[in-house]
Amino acid sequence: VQLKESGGGLVQAGGSLRLSCTASGESFRIEHMGWFRQAPGKAREFVADFRRDRASTYYADSVKGRFTISRDGDRFAWFLQMNNVKPEDTGVYFCTAHEDGPGWPNYDYWGQGTQVTVSS
């Protein structure tokens with residue numbers, strides 16, 4: 001499975017941005033679709049997750065009410081809609097996926113990342 005992000009860029013504080021992730025390869029086993037981010041000098045942190053079988057979502061407290069993760073219909077592609085962004089949302093955003101089976105919240109696949117920069 002290969003993951004590819006797109007949609008990063010520069011946005012002003014209070015603005016919006018939408019990230020996209022597309023999976024290719026044997027993506028039919030994907031059960032969890034997620035997003036992480038890494039700010040400069042900090043560890044990678046969880047942002048959001050979408051569970052395919054229940055269509056349920058999970059969010060980090062820092063983004064609840066501002067970010068929304070969703071799946072693109074029945075495709076193995078998903079989005080992260082980022083609203084009311086803040087300078088502390090700056091970082092490299094990675095899409096990630098976990099296949100059906102034990103092990104979650106450890107993820108099996110990672111994209112290369114896309115840069116998001118929020119100016120104040």
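Modeller: Let's start with burial: a residue is buried under 20% relative accessible area, exposed over 50% and partly exposed in between, with a 1.4 Å probe and protein chains only. By that scale Y107, at a relative accessible area of 10%, is buried. Do keep in mind that this is a predicted model, where local features need pLDDT of at least 70, side-chain atom pairs count only at pLDDT 80 or more, and totals for chains, interfaces and linings use all residues. Residues are numbered from 1 along each chain as its sequence is written, and side-chain values use heavy atoms, leaving out hydrogens and water.

Colleague: Thanks! How many aromatic pairs are there by the ring rule?

Modeller: The rule takes rings of Phe, Tyr and Trp (its six-membered ring) and pairs them if their centres lie within 6.5 Å; planes under 30 degrees apart are stacked, over 60 edge-to-face, and the rest tilted. Here that gives 5 aromatic pairs. One of them joins F36 and W110 edge-to-face, at 4.9 Å centre to centre with 70° between the planes.

Colleague: Which strands hold F36 and W110?

Modeller: Strands are DSSP runs of E with at least two residues, helices are runs of H or I with at least four, and both are numbered from the N terminus. F36 lies in strand β4 (residues 30–38) and W110 in strand β10 (residues 109–110), so their pair ties together parts 74 residues apart in sequence. F36 counts as buried at 12% relative accessibility, whereas W110, at 33%, counts as partly exposed. W110 also pairs with Y107: the ring centres are 6.3 Å apart and the planes at 70°, so this pair is edge-to-face. Ring pairs link F36, F46, Y107 and W110 into a cluster.

Colleague: Which charged residue sits over the ring of F79?

Modeller: The test asks for NZ of Lys or CZ of Arg within 6 Å of the ring centre and within 35 degrees of the ring normal. R18 has its charged end over the F79 ring, 4.0 Å from the centre. R44 lies over the face of F94, also with 4.0 Å to the ring centre.

Colleague: And the whole chain: how many helices and strands does it have?

Modeller: The protein chain has 0 helices and 11 strands. Its radius of gyration, taken over C-alpha atoms, is compared with a globule rule of 2.2 Å times the number of residues to the power 0.38. The value is 13 Å, close to the 14 Å that the rule gives for 120 residues, so the chain is as compact as a globular protein of that length. Buried residues make up 42% of the 120.
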